[in-house]
Amino acid sequence: VNPLDISAILSEIAKTLKFSTFEPEEQFWLDTGNADANAVFGARDLGLPYGRITELSGIQHGGKTTLSLVLAGMAQKEGAGVGYIDLEFSSDPMWSCKLGLNLEYTAIIKPKLIAEKKGSIPRLQSAEEVCAEAEVGMRLLAERGCKKQFWLLDSIAMLQTQAVIDAGTTGQNMRTKVDRAQFLSQTLPKWAGLAANYNAMIFLVNQVRTKIGVVFGNPEYSPGGNALDHACSSRVRVRRLKNGQLRHNGKVIGLIGIIRNVKNKVGHGSVQDEKAGFQVLWNRPIAKVEFMSAQDA
């Protein structure tokens with residue numbers, strides 16, 4: 001017997017620890033059809049990787065949710081099970097359909113009111129409970145034969161932990177102000193493992209905010225703490241161009257902007273500091289997204 005037979009060693013480890021493991025059979029990729037867009041989100045020749053976490057951040061009205069829904073629609077058309085954690089209550093069936101995503105076949109999870117006892121005052125679901133629902137959804141989709149999944153969380157800045165909800169408006173303190181970051185530092189490492197084993201592409205939409213009083217360095221930051229920096233395989237910034245509206249006969253029919261990655265560790269020739277332009281048109285029955293090289297944007 002070869003003493004360096006790794007498969008035999010791993011099998012023996014599992015027997016010794018008395019557990020069985022299940023690994024994904026295949027690595028899947030979502031090809032956007034454009035090499036520049038692929039390079040920003042993942043690998044130029046392959047596309048976006050399933051089994052990884054991606055953060056998409058930007059300022060308000062920059063196109064974050066729009067791009068995420070377009071990518072979710074692409075994944076859905078290729079047979080992926082789609083989940084939508086809608087913390088902003090912004091899901092719109094008609095708008096999503098224009099962007100290519102059918103919400104009728106999408107698992108939508110929103111914070112709900114819960115009455116723990118009969119006659120008790122209903123309380124709002126916490127971030128811990130909403131994310132627990134998503135984890136169960138990943139498992140159920142896998143059990144029902146989905147070999148790949150796409151999960152969208154919109155947005156990180158809207159996560160409300162139980163401690164924050166209990167504190168209310170007047171009871172906030174230093175502990176509650178960092179509770180979202182601590183929650184994500186505990187949740188995202190687990191989600192990285194779930195994503196890899198369920199072949200789930202997890203998209204985290206985030207905002208960009210500005211620190212007041214910062215004179216030196218970049219005052220912009222995205223909420224959620226340092227866990228996002230480490231747990232996400234790729235981090236992409238999106239911004240609209242100045243006057244980045246597409247108009248026809250005085251009516252806005254789309255938007256134009258630029259996407260750039262600030263981190264890209266998906267492998268397979270992935271490159272950091274890549275950027276590309278994009279146009280999204282929604283004056284048609286199904287919206288059309290067009291990517292171009294950054295020089296043309």
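Ala127, Glu128, Cys131, Ala134, Glu135, Met138, Arg139 and Ala142 of helix H5 are in contact (heavy atoms within 4.5 Å) with Phe183, Lys190, Trp191, Leu194 and Tyr198 of helix H8. This is a predicted model, in which local features need pLDDT of at least 70 and side-chain atom pairs count only at pLDDT 80 or more, while totals for chains, interfaces and linings use all residues. Residues are numbered from 1 along each chain as its sequence is written, and side-chain values use heavy atoms, with hydrogens and water left out.

**Helices H5 and H8**

- The contact of H5 with H8 is made up of nine nonpolar, no polar and four charged residues. Ala, Val, Leu, Ile, Met, Phe, Trp, Tyr, Cys and Pro count as nonpolar, Asp, Glu, Lys and Arg as charged, and the others, Gly among them, as polar.
- The axes of H5 (residues 127-143) and H8 (residues 179-198) cross at roughly 5° and come within 11 Å. Axes are lines fitted to C-alpha atoms, for helices over the stretch in contact, and angles run from 0 to 180 degrees between N-to-C directions.
- H5 and H8 are therefore roughly parallel to each other (angles under 35 degrees).
- Helices (H or I, at least four residues) and strands (E, at least two) are DSSP runs, numbered from the N terminus.

**Cavity and pocket**

- On a 1 Å grid over the protein atoms alone, a cavity is a set of points where a 1.4 Å probe fits but cannot get out; a pocket is an open set with protein on both sides within 12 Å along at least five of seven lines; lining residues have an atom within 4 Å of a point.
- Grid points are joined across faces, edges and corners, and a volume is the space filled by probe spheres set on the points.
- The structure has one cavity of 30 Å³ or more, and the volume of the largest cavity is about 40 Å³.
- Residues lining the largest cavity include Cys131, Phe183 and Trp191, and H8 gives the largest share of this lining, five residues.
- Nine residues of the cavity lining are nonpolar, one is polar and none is charged.
- The largest pocket has a volume of about 420 Å³; of its 25 lining residues, His61, Gly62, Gly63, Lys64 and Thr65 are the closest to its centre.
- H3 supplies the largest share of the pocket lining, four residues.
- The pocket lining has twelve polar, eight nonpolar and five charged residues.

**Salt bridges**

- There are 13 salt bridges in the structure (a side-chain nitrogen of Lys or Arg within 4 Å of a carboxyl oxygen of Asp or Glu).
- One of them joins the side chains of Glu274 and Arg44 (3.0 Å, N to O).
- Glu274 is in the loop between strands S13 (251-264) and S14 (275-281) and Arg44 in the loop between helix H2 (35-41) and strand S2 (48-49), so the pair ties together parts 230 residues apart in sequence.

**Backbone**

- The peptide bond from Asp154 to Ser155 is cis, with omega near 10°.
- Asn199, in the loop between H8 and S9, has a positive phi, near 55°.

Technical notes
Angles under 35 degrees count as roughly parallel, over 145 as roughly antiparallel, 65 to 115 as roughly perpendicular and the rest as oblique.
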